[in-house]
Each structure stands twice: as C-alpha cells, then as structure tokens.
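Work through the two exercises below with the model in view. Each has a task and a solution in steps.

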Amino acid sequence: RLLDLKLFLLFLTLPILAYGIIAAIQTRRRSGATPSAIMKERALRALKSARRNSPEMILSHLYQALTAAIFCAAGRQGEALTWQEARALMQASGRPDDEAQQASDLLAAIESMKYSGTGLTPQKTADLVSRTRKMVNEMTA
C-alpha cells in the first residue's frame, strides 16, 4: 500500500522541523552567555582535548586553551593571539602585569614549540600541559 500524501509530507517535514527547533534552542542558549563564559567553556574544552589527543595535536589544543583563557580574562571573544597581543590585551583589561607576562611567555613557548619543528619530548609535553592548565585555571576562575 502506498503512503497517503499527508503522511508522506509529514514524514518529509519532520526532520526539517526538528532541526529548526534544535537550532533555535541552541541559539537562544548561546545568546544568553557572556563572552567570558563562552571563552571559559572553550578553554576548558581545549584543555580536555589536549589530554586525549596525539602529541602532534597537543600544542594546537594548548594554544586554543590559553588564548581562550586570555580572552576570558579580558571579557572578550576571539580566536587567535600573538604573545604580544596577549600581553597588551591582559594589561588593557586590568590584569596584573606579572600574570600578563606569564601568560604571554607561555603563549610564546607554545608557539615556538608548535612552529619550530623540534621534537616534543614527554617531559616538555607534561611541563607545557601543566603550566597551561595552571594558567587557564587562574584566568578562568
């Protein structure tokens, strides 16, 4: 027996309707979040990903976690920073100079390791993960 036309149209429109409802709920939930909350979530998600990924991807996730934490501390949203921009952004947002210096130094170390092509030893990896986790926790608290 063939499907009735009304039933066929219902089956055809249900996925579209479901997608629209889910998209609307997600948009509404995100629109209520502050830039700091959004960046804190990104920082913590990137830190979590750094623990579960291959050594090649760890530096990328650490970079994402640290830049998101810096944007969180500054109360802004963003994607990428250089170490100079990180220091200036943190100082402009009223963060202590020593914290801004530590964050920019750590970001420079991560960038250097990421783009230099030198091998990432387990000891260096553990040190960078530990330092980044500590810095992210301080800036997103």
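**Exercise 1.** How do the residues lining the second largest pocket divide into nonpolar, polar and charged, and which elements supply them?

Solution. 
- Step 1: the lining comprises three nonpolar, four polar and three charged residues (Ala, Val, Leu, Ile, Met, Phe, Trp, Tyr, Cys and Pro count as nonpolar, Asp, Glu, Lys and Arg as charged, the others, Gly among them, as polar).
- Step 2: among these lining residues are M39, A46, S49, Q64, T67, G78 and E79.
- Step 3: at least two come from α2 and at least two from α3 (55-74); α2 gives the largest share, five residues.
- Step 4: the volume of this second pocket is about 170 Å³.

The model is predicted: local features need pLDDT of at least 70 and side-chain atom pairs pLDDT 80 or more, while totals for chains, interfaces and linings use all residues. Residues are numbered from 1 along each chain as its sequence is written, and side-chain values use heavy atoms, with hydrogens and water left out.

**Exercise 2.** Which residues line the largest pocket, and which element gives the largest share?

Solution. 
- Step 1: the lining consists of Q26, R29, R30, A33, A37, I38, E41, R42 and R45.
- Step 2: α1 (5-31) and α2 (35-52) are the elements giving two or more residues to this lining.
- Step 3: α2 has the largest share, with five residues.

Conventions
1 Å grid on protein atoms, 1.4 Å probe; cavity = no way out; pocket = protein on both sides within 12 Å on 5 of 7 lines; lining within 4 Å. Helix = DSSP H or I, 4+ residues; strand = E, 2+ residues; numbered from the N terminus. Points joined across faces, edges and corners; volume = space filled by probe spheres on them.
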